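The entries below follow the order of the look-ups.

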Amino acid sequence: MMSMFFYLVFMVPLFFFNYWWLSCLSLILAFFYFFNTFWFMNYYSMLSYSFGGDLLSMTMIFLSLWIVLLMIIASYIIYSEFNYSFEFIFVVNLLLFFLILSFSTTNILLFYIFFESSLIPTLFLIFGWGYQPERLSAGFYLLFYTLFASLPLLLCIFYISQGSFTLFYFLISLDVNFYIYLSLILAFLIKMPMIFVHFWLPRAHVEAPISGSMILAGVLLKLGGYGLMRIFSFIYSYSVKYNYLFVGLSLYGSVLVGILCLFQVDIKSLIAYSSVAHMGLVLCGIFSLNYWGLFGSLILMVGHGLCSSGLFCLANIVYEKVHSRSFIINSGLISFMPSLALFWFLLSSSNMAAPTSLNLMGELMLINSLMGWDSYSSWFLGLSSFFSCCYSIYLFSYINHGYSYSGLTKFGVVTVREYILILFHFIPLNFIVLKADIFVIWI
């Protein structure tokens with residue numbers, strides 16, 4: 001793992017001299033080099049200085065590398081307009097560094113430190129390159145929601161150290177009560193986010209620049225799921241008593257947020273709320289504590305990371321041309337950019353879990369898991385899937401069909417860079433399914 005960290009450190013001179021495309025190429029090389037040197041096995045490998053990775057860790061690390069690479073490609077306007085491009089690419093690299101540290105550590109205290117550290121570069125992205133004055137309140141929402149549950153988690157980690165004499169995930173053994181159980185999972189529930197603690201997410205997405213939205217939807221929400229999977233490795237025997245509360249709440253939330261999506265008038269806001277609905281299903285899979293649920297949660301986290309990030313990129317391409325995110329102004333765009341309408345269709349269909357996307361495979365596993373957990377959940381799962389189709393069709397059809405806004409006097413062309421950006425989301429999302437058996441060997 002040290003080789004990966006040093007690789008990122010040695011990339012800093014590229015940022016200093018503002019070599020934008022060379023930085024992208026370096027990240028592509030890093031991704032493929034480490035992807036081809038890792039053994040996709042269910043035990044920790046590449047261990048050095050208590051850092052290493054099993055299949056769950058490395059899947060999240062490769063997702064982080066890929067999304068950060070696409071963030072830099074999507075944010076080309078920062079480079080072309082000299083909008084503090086060195087500072088931007090440095091902050092993005094710092095965020096990637098913290099994410100890789102979070103996913104690769106085997107120590108729960110170090111995981112907590114890096115988990116919280118990833119918040120700082122994200123805030124810099126929102127405050128520094130956001131669009132509107134409301135980004136300040138959105139950043140404070142993100143900060144205080146995350147910090148609210150952090151202190152109980154930190155106190156619990158100290159308690160674990162006192163009781164178990166170790167902080168290594170797989171050696172921890174302790175007597176759990178309800179307060180410890182709640183303190184350990186609350187920070188990750190807010191990060192996911194679970195329904196009723198999700199209010200920071202739509203605000204942060206709407207006010208963040210495209211890079212902020214991509215990393216939030218693509219990777220930062222997955223920190224919550226990853227943390228829960230690690231926590232349940234040593235409190236699973238106690239958590240069976242209370243998990244039904246959170247599964248029921250998340251099932252209800254998925255349906256409720258699906259209905260909320262149909263009321264949105266802002267494109268980014270709809271995509272942000274759809275993330276809450278998908279993460280609700282992931283939470284249900286993790287809390288069900290069975291094989292199908294955990295496998296499905298991992299697959300859906302990867303699928304949602306690519307799909308949601310791609311939809312935000314499409315919304316940003318439209319925003320850069322029209323300078324508005326409103327559905328009313330952005331209707332009938334198939335007349336202006338018919339080829340981009342194809343990508344809207346492909347990613348919207350992937351968002352509703354159409355074949356051959358990873359989302360479909362993940363949702364099928366999660367439906368199997370929850371039906372095995374309790375057959376009554378079928379009502380909520382059916383409604384959740386139905387509303388997922390409804391808001392995805394609404395998103396695609398409203399933007400691309402209907403009358404065009406008469407106030408549009410000029411419209412920029414879609415560049416090759418933007419087509420490549422969307423393809424780099426779509427290809428892994430729909431072709432990893434050919435080798436999806438690697439996701440089901442990590443337990």
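**Entry 1: pockets**

I began with the lining of the largest pocket, to which helix H3 (20-37), helix H4 (55-74), H16 and helix H20 (416-431) each supply at least two residues. Helices here are DSSP runs of H or I with at least four residues, strands are runs of E with at least two, and both are numbered from the N terminus. The model is predicted, so I note that local features need pLDDT of at least 70 and side-chain atom pairs count only at pLDDT 80 or more, while totals for chains, interfaces and linings use all residues. Residues are numbered from 1 along each chain as its sequence is written, and side-chain values use heavy atoms, with hydrogens and water left out.

I looked up the volume of the largest pocket and found about 510 Å³. Of its 18 lining residues, Phe31, Phe35, Phe62, Pro428 and Ile432 are the closest to the centre. By class I read 16 nonpolar, one polar and one charged residues in this lining. The classes are: nonpolar for Ala, Val, Leu, Ile, Met, Phe, Trp, Tyr, Cys and Pro, charged for Asp, Glu, Lys and Arg, and polar for the others, Gly among them.

I wrote down the terms for spaces. The search uses a 1 Å grid over the protein atoms alone: a cavity is a set of points where a 1.4 Å probe fits but cannot get out, a pocket is an open set with protein on both sides within 12 Å along at least five of seven lines, and lining residues have an atom within 4 Å of a point. Points are joined across faces, edges and corners, and a volume is the space filled by probe spheres set on them.

The second largest pocket has a volume of about 390 Å³. It is lined by 17 residues, and the closest to its centre are Met229, Ser233, Leu294, Trp442 and Ile443. H13 and H16 are the elements that give two or more residues to this lining. The largest share comes from H13, with five residues. I read 12 nonpolar, three polar and two charged residues in the lining of the second largest pocket.

**Entry 2: cavities**

I searched the whole structure and found three cavities of 30 Å³ or more. The largest cavity holds about 80 Å³ of space. Its lining includes Ser254, Gly258, His278, Glu363 and Tyr391. Helix H14 (243-261), H15 and helix H19 (378-400) are the elements that give two or more residues to the lining of the largest cavity. H19 gives the most, five residues. By class, this lining has four nonpolar, six polar and one charged residues.

**Entry 3: His304**

I moved to His304, which lies in helix H16. Is His304 buried or exposed? At 0% relative accessibility, His304 counts as buried; buried means under 20% relative accessible area, exposed over 50%, and partly exposed in between, with a 1.4 Å probe and protein chains only. Leaving aside neighbours within four places in sequence, I found His304 in contact (heavy atoms within 4.5 Å) with residues including Lys222, His278 and Asn359.

I checked helix H12 (residues 200-207): seven of its eight residues are buried, so the helix is largely enclosed by the rest of the structure. Among the buried residues of H12 are Trp200, His205 and Glu207. Their cover includes helix H8 (119-129), helix H9 (135-148), helix H13 (210-239) and helix H16 (291-322).

In helix H1 (residues 2-10), I found Met4, Phe5 and Leu8 buried. They cover an arc of only 100° around the axis, which puts them on the same side of H1. The arc is that of the directions from the helix axis to the C-beta atoms. Among the elements that cover the buried residues of H1 are helix H2 (12-16), strand S2 (51-53) and helix H6 (85-104).

**Entry 4: Thr166**

I found Thr166 in the loop between helix H10 (150-164) and H11. At 17% relative accessibility, Thr166 counts as buried. Its C-alpha atom is separated by 9.4 Å from that of Ile108, 58 residues apart along the chain.
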